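Q: I would like to learn how to read a ligand site and a strand in a model. Can we take them in turn?

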Amino acid sequence: MKKNNELNLETICIQGGWKAKKGEPQVLPIYQSTTFRYETSDQMGRLFDLEEEGYFYTRLQNPTNDTVAKKIARLEGGVAAILTSSGQAASMYAILNIAGAGDHIISSCNIYGGTFNLFSVTLKKIGIDCTFIDPDASEEEIQKSFKPNTKALFGETISNPGLAILDIEKFARIAHQNGVPLIVDNTFATPINCRPFEWGADIVTHSTSKYMDGHATQVGGAIVDSGNFDWDAHADKFPGLTSPDESYHGLIYTKKFGPNAYIVKATVQLMRDMGSIPSPFNCFLLNLGLETLHLRVPRHCENAEKVAAFLNDDPRIAWVNHSSLEDNKYHALAQKYLPNGSCGVIAFGLKGGRDESIRFMDNLKFISIVTHVADARTCVLHPASHTHRQLSDEQLKEAGISPDLIRLSVGIENVNDIINDIKQALEISTGK
Ligand SMILES: *Cc1c(COP(=O)(O)O)cnc(C)c1O
């Protein structure tokens, strides 16, 4: 659903942000300045009242950051975006912008561990309750979790590390029947492979630390608004957007800012009060990553599909999870929502179990052991020894992580070299 006259994604990756005027730098400048100068006191006063648009302090807005946010908004087909200092901050602000103490949200249980903790521990402490639901449950089943104080439904296009694929249309239908927005974390798919707004999602979040950056150089996040959710039609549920904000002389966000209300509120209220703005330098690095996103993502997927097929055929491997495999539980949903490929991340286990999986990883040559995914370099992580180290085997099972699970993030090196590195490590670790 390309808007009239909108450029194609490949072009937006490159041309979508900074546009140099006569004599200006061709490349997005880094406005590494906390503050911006005005000529009269009144000029600056008007900015504080949101009577005029302009920069005054980087905690609220910065030209480098805003340029990159605009590019991401266009890539997703949204109306506006805000960048945050991490993906975690993006998830937190996406919720706090519309929910507070006494409210409730519903989330897929198959999500990133950090987001799971945010929703189940930290938001709970400040009075926001979360019900986790099985994303594959029926609409009727999911419907049962809604309460009068529910403010949002949340899921991940492709879950990390479970690699479950979200039925976005189903989720959007349920959310809208209940008068709340659907928020989708689109980190693993990126807008190159899926644009959740086209399937009815209202708000998209990202950890830009992954494919968007693509080179493991900056931690960052983004929130994009489709501009489609009618907050005023559910004004009683979303008073923060639809009733006067006394901290801005009684301004009403939906009245003053129309479809930009949600992102403006996140900027002038949440950023003002809680910070978590990324540095302009990090936004510059993110922008460089975005310029090649459309080239890198297809290569990640192509390489991962070959590696998944290789692992799937190998007798030493117990199981492989990647939606490109025909017997994968999410193959059909992947064909619908991710027809050009899902992502470069694969999960698999060795027949020899936990110890053999660890031996395998220790014998890899250029494939490195790191706590990261989705960058140019192929890397591995063993959740049972690393990210989920504190859990017993029983708890691991509950979290859907088997003790032998290896998370392999396939990079964009030559795929034969990647497979050869895996082959030699398999030979040593299994003795076969
Ligand atoms: C990494 C990740 C996050 C958290 O992002 P950070 O940038 O590490 O804070 C959120 N969601 C998903 C799907 C992720 O992979």
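Q: How many residues surround the ligand, and which are the closest?

A: A residue counts as near a molecule if one of its heavy atoms lies within 4 Å of it. Here 14 residues surround the ligand, and the closest are Gly87, Asp185, Ser207, Ser209 and Lys210. This is a predicted model, in which local features need pLDDT of at least 70, side-chain atom pairs count only at pLDDT 80 or more, and totals for chains, interfaces and linings use all residues. Residues are numbered from 1 along each chain as its sequence is written, and side-chain values use heavy atoms, with hydrogens and water left out.

Q: Which atom of the ligand lies 2.7 Å from a polar side-chain atom of Asp185?

A: The Asp185 atom faces a nitrogen atom of the ligand at 2.7 Å. Oxygen atoms of the ligand lie 2.8 Å from a polar side-chain atom of Ser207 and 2.6 Å from a side-chain N or O atom of Ser209. The protein buries 92% of the 380 Å² that the ligand exposes when taken alone (Shrake-Rupley method, 1.4 Å probe).

Q: Why is strand S9 largely enclosed by the rest of the structure?

A: Buried means under 20% relative accessible area (1.4 Å probe, protein chains only), and strands are DSSP runs of E with at least two residues, numbered from the N terminus. S9 (residues 345-350) is largely enclosed because six of its six residues are buried. Val345, Ala347 and Gly349 lie on one side, with Ile346, Phe348 and Leu350 on the other.

Q: Which residue stands opposite Gly349 in S9?

A: Strands pair if DSSP finds at least two bridges between them. Strand S8 (residues 317-321) pairs with S9 in the antiparallel sense over four bridges, and Trp319 stands opposite Gly349. S9 also pairs in the antiparallel sense with S12 (residues 406-409) over four bridges, where Phe348 stands opposite Ile406.

Technical notes:
Buried < 20%, exposed > 50% of the residue type's maximum accessible area, 1.4 Å probe, protein only. Polar contact = N/O pair within 3.5 Å; in protein donor to acceptor, adjacent residues only side chain to side chain.
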